[in-house]
Amino acid sequence: MPDMTIVQRVAESQYVSGILFIFLFLAATVAGTWLYKNLLKENDEREQKIIEMHEKRERDLLNINLDYRKESQGREKKLLEHLEKTTQVQTEMSRTIERVQGILSALELSIKEARLEIFYFKEGGRS
């Protein structure tokens with residue numbers, strides 16, 4: 001069994017302290033490098049996940065926009081059809097009003113002629 005004083009001298013020597021310091025330095029360096037690479041890997045994974053989420057959101061928004069455009073085009077088509085029908089109905093109403101106006105004018109003329117004939121007969125009957 002070794003003598004304790006020899007073990008104590010070896011433990012207190014600068015060589016052992018130097019070797020222990022180098023070992024601890026290397027262990028700290030390896031641990032630091034491992035932590036740094038792990039953080040880089042984790043950051044890359046998070047960045048990729050964020051990019052994927054952003055791209056998915058962008059696709060969703062484009063699809064929503066496309067849906068809104070299709071709905072809008074459908075509404076616009078229906079509005080234009082309704083506008084055309086309304087224009088046709090108004091055109092027909094305008095023609096009908098013109099015919100009614102012509103008929104009223106003819107009726108007014110007939111009434112005037114009838115009054116004149118009545119007045120003429122009344123006057124003619126007195127003479």
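Reply: L26 is partly exposed, with a relative accessible area of 49%, where buried means under 20%, exposed means over 50% and partly exposed lies in between, using a 1.4 Å probe and protein chains only. This residue belongs to helix α2, which spans residues 14-126; helices are DSSP runs of H or I with at least four residues, numbered from the N terminus. The model is a predicted one, in which local features need pLDDT of at least 70 and side-chain atom pairs count only at pLDDT 80 or more, while totals for chains, interfaces and linings use all residues. Residues are numbered from 1 along each chain as its sequence is written, and side-chain values use heavy atoms, with hydrogens and water left out.

Together with F21, I22 and F25, L26 forms a nonpolar patch on the surface, with about 450 Å² of accessible area in total. Such a patch joins nonpolar side chains (Val, Leu, Ile, Met, Phe, Trp, Tyr) within 5 Å, each residue having over 30% relative accessible area and no salt bridge, and the areas come from the Shrake-Rupley method with a 1.4 Å probe.

Turning to charged side chains, a salt bridge requires a side-chain nitrogen of Lys or Arg within 4 Å of a carboxyl oxygen of Asp or Glu, and the count by this rule is two. In one, R46 meets E42 at 3.0 Å, N to O; the two are four residues apart in helix α2, so about one helical turn separates them. In the other, the closest N and O atoms of K56 and D60 are 3.2 Å apart, and these residues, also four apart in helix α2, are likewise separated by about one helical turn. D60 is partly exposed at 29%, and K56 is partly exposed at 47%.

Terms used. Patches are made of residues with over 30% relative accessible area and no salt bridge: like charges are joined within 9 Å, nonpolar side chains (Val, Leu, Ile, Met, Phe, Trp, Tyr) within 5 Å.
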